[in-house]
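Here is a short briefing on a predicted model.

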Amino acid sequence: MRALNRSAWVWIGLLATIESMDILTTAAGRASGAVETMPVSATVMNVGGMGLFVIVKLALVAIGAIAVLLALRWAESGRPGANVILAFAMSAVRVSTVALAVVSLHNAVLLQSLQGSG
């Protein structure tokens, strides 16, 4: 369980890092004239600007971390079904991290193309 605990912290840290990169590339893109194409993100920024966008991104990381850490505690205490919940929570964090890494990479490529054409 200790290795799983360490793995959970690593994935939560990776998610936080990738969310930060998404925030930075989104802010840089908007400053360069790019338009947000993700409908939910665009709505959040239209309603509350980059400040609300950052708050939502940080809240998503916190929610993922809380879900994983609670599931870890439940699994350690031997609660029935806790291992299934833990596996689901860890999978959600991993898939989100990888998907967001692809999005951030796309944002970085888009920024590079905007700087090259300007």
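In the lining of the second largest pocket, α3 is the top contributor, with seven residues. Helices (H or I, at least four residues) and strands (E, at least two) are DSSP runs, numbered from the N terminus. This is a predicted model: local features need pLDDT of at least 70, side-chain atom pairs count only at pLDDT 80 or more, and totals for chains, interfaces and linings use all residues. Residues are numbered from 1 along each chain as its sequence is written, and side-chain values use heavy atoms, with hydrogens and water left out.

**Second largest pocket**
- The second largest pocket has a volume of about 230 Å³. Its lining has 14 residues, with Leu-15, Gly-64, Ala-92, Val-93 and Ser-96 closest to the centre.
- α1, α2 and α3 each give at least two residues to this lining.
- By type, the lining of the second largest pocket splits into 11 nonpolar, two polar and one charged. Ala, Val, Leu, Ile, Met, Phe, Trp, Tyr, Cys and Pro count as nonpolar, Asp, Glu, Lys and Arg as charged, and the others, Gly among them, as polar.
- A pocket is an open set of points on a 1 Å grid over the protein atoms alone, where a 1.4 Å probe fits, with protein on both sides within 12 Å along at least five of seven lines; lining residues have an atom within 4 Å of a point. Grid points are joined across faces, edges and corners, and a volume is the space filled by probe spheres set on the points.

**Largest pocket**
- The largest pocket holds about 490 Å³ of space.
- Its lining has 23 residues; Asp-22, Glu-36, Met-38, Val-103 and Asn-107 lie nearest the centre.
- α2 provides the largest share of this lining, seven residues.
- The lining of the largest pocket comprises 12 nonpolar, seven polar and four charged residues.

- Beyond four places in sequence, Val-68 touches Ala-8, Ile-12, Leu-86, Ala-89, Met-90 and Val-93 (contact: heavy atoms within 4.5 Å).

**Thr-26**
- Thr-26 sits in helix α1.
- Leaving aside neighbours within four places in sequence, Thr-26 contacts Glu-36, Met-45, Met-50, Phe-53 and Asn-107.
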